[in-house]
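My notebook for today is open. I'm going through this structure piece by piece and jotting down what I look up.

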Amino acid sequence: MHESNGIAELVIITGMSGAGKTIAVQSLEDLGFFCVDNLPPVLIPKFAELIEQSSGKIGRVALVIDLRGREFFTALTEALNFLKTRHTVRYEILFLDARDQVLVTRYKESRRRHPLAPEGPPLEGIRLERRLLEELKGLATQVIDTSDMKPARLKALITERFQMQSAGELTVNILSFGFKYGIPIDADLVFDVRFLPNPHYIEHLRPKTGLDEDVYEYVMKWDDTRVFLEKLTDLLKFLIPHYALEGKSQVVIGIGCTGGKHRSVAIAEYLGKELAEVAGKVRVSHRDAERG
């Protein structure tokens, strides 16, 4: 991200404890953001005023807000409403999440206590924290699921998403996945393509993926595929500009089939090409294509 047309970029980093907020803020610091850890939400309006008064000297800012400051947490809604009225400050909420069992494992490996359950098991604190953060997650402009990410991958993803992003530009991330491995929790929209004929049952196609030409052509040759893609593409071309007008900077579209190897990969690749004309940037990735 960078300053554009006098708009100061402000990223609020929040999410589940143990999901990677420290790595996220360090990554943004490496990109030149001015970073403040554990800022009480009640101070956000004052900080926004400082950004405005800096005459562009403070143009990219990242604030970490989490339940370590829970006595101030209820002030966050008022602070966000204040920012909405300050048209000179453009903000985003980056929410880091991970599956409960992954968070439990991370706490056990680090031998840390959960801040909301200092005397109890980590899962107790994780479940309470998830309930408290539910509404805030719904307000987030970006959600990243770090369950299956190593720290280096999260750092690379943060860098990719924020390094070159211009103010007002919407990035569409199309992610293929396998339902048997779970729905990606950071997806804004999820579409199920398991109704299409499955290349898995064609012996010579089974070991390949939707990136291979013969698998791609097999998925695309059916009338149901053509009708589905016409309707889905039309829907997404309608939705994406409206997401951009709403101020979202990222939209994650999940395309799922059984194993995430054939049908979903081919459909994701097709959509990546079709949506380029209505989005500032389109990225296509395949979460499960290389699994068994």
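I started at G178, whose bridge partner in strand 8 is C257. Helices (H or I, at least four residues) and strands (E, at least two) are DSSP runs, numbered from the N terminus. The two strands here are strand 6 (residues 171-178) and strand 8 (residues 250-257), which pair in the parallel sense over eight bridges. For the record, two strands pair if DSSP finds at least two bridges between them.

A note on what I'm looking at: this is a predicted model, where local features need pLDDT of at least 70, side-chain atom pairs count only at pLDDT 80 or more, and totals for chains, interfaces and linings use all residues. Residues are numbered from 1 along each chain as its sequence is written, and side-chain values use heavy atoms, with hydrogens and water left out.

Then I checked helix 9 (residues 263-274). Its twelve residues reach 17 Å from first C-alpha to last, close to the 16 Å expected at 1.5 Å a residue; the expected span is 1.5 Å times one less than the number of residues. Among its buried residues are R263, V265, I267 and L271. Buried means under 20% relative accessible area, exposed over 50%, partly exposed in between (1.4 Å probe, protein chains only). The cover over helix 9's buried residues includes strand 6, helix 7 (213-220), helix 8, strand 8 and strand 9.

Leaving out residues up to four places away in sequence, K21 touches I13, T14, G15, M16, V64, D66 and L96.

Last, charges over rings (NZ of Lys or CZ of Arg within 6 Å of the ring centre and within 35 degrees of the ring normal). R194 has its charged end over the ring of F179, 3.8 Å from the centre. R291 lies over the face of Y181, at 4.2 Å from the ring centre.

Note on methods
Contact means heavy atoms within 4.5 Å.
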